[in-house]
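Open the model in your viewer and switch to a cartoon display. The tour goes from one selection to the next, with a short note on what is there.

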Amino acid sequence: MANPLHILPLLFFLAIPLVLAAAVVGTAVVVVRRSVGLRQAWSSGLTAPGRCLRAYTTTSGHGGTNGRVTTTLHHVYEFTTRDGDVVRFDEENGPSTTVEGDVVTVYYAAGRPERATAHPPRPFRATAGTVAALCFLGLMLVVVLTSLTDGLIPDGSRDVDAPDVEQPWGDPASGGAPWEDSGTEVP
């Protein structure tokens, strides 16, 4: 019976790439959902005046000596749909010139007003950004899956039991060492 403690390191090193792959796929799903939501809001034809209730920033990362800090600008908007529902939503990466109290045009889909946007329609730019993000995430997924399968699938190009050692006297298939008698006489 195999010792279960020998399996634990293998499971640990399998778990790391699998968790990374799941994170990459999850991020791709978020990117696609956001892109689809923007397209639905822009193409619905429904707009409403919205008011910026609040503008704030969030930071991520750490600022040590070589650390990188990323600051994201958020806006909280409120608008009233054609049905009379009041909707409030938070949106990232809006224009820095929009401040509290400003009135903006809000684009929303009838079935999902909570997925509204105050970003002006830019379908080409949104598509290019989505494609670039998905290409990058696809490359990351390939790297993660390659690292996962690298140690698991033997390549078959070499025999693990017998190392490739070259004989000092030449090719063994030629009939042996050059000093052995080959049956012919030397004049």
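## After the helix

Start by selecting Gly45, which follows helix H1 and has a positive phi, near 85°. Keep in mind throughout that this is a predicted model.

Next, select H1 itself, residues 7-43. H1 has 37 residues, and the distance from its first C-alpha to its last is 53 Å. That is close to the 54 Å expected at 1.5 Å a residue.

Now show the side chains of H1. Which residues of H1 are buried? They are Pro17, Ala21, Val24, Ala28, Ser35, Gly37, Leu38, Ala41 and Trp42.

What is the order of its five strands? The sheet is open, its order is S3-S2-S1-S4-S5, and the pairing is antiparallel. Select 86-92 for S3 and 112-117 for S5: these are the edge strands, and each pairs on one side only. Neighbouring strands of the sheet are turned by 45° against each other on average, with direction ignored. Bring H1 back into view: H1 packs on this sheet and touches S1, S3, S4 and S5. The direction of H1 makes about 95° with that of S5.

Last, select residues 46-61, strand S1, and residues 103-109, strand S4. These two strands pair in the antiparallel sense over six bridges. Zoom in on Thr47, and look across to Tyr107 in S4, which stands opposite.

Key
Residues numbered from 1 in each chain as written. Predicted model: local features only at pLDDT ≥ 70, side-chain atom pairs only at ≥ 80, totals over all residues. Heavy atoms only, no water. Pairing = 2+ DSSP bridges. Helix = DSSP H or I, 4+ residues; strand = E, 2+ residues; numbered from the N terminus. Axes fitted to C-alpha atoms, helices over the stretch in contact; angles between N-to-C directions. Contact = heavy atoms within 4.5 Å. Expected span 1.5 Å × (residues − 1). Buried < 20%, exposed > 50% of the residue type's maximum accessible area, 1.4 Å probe, protein only.
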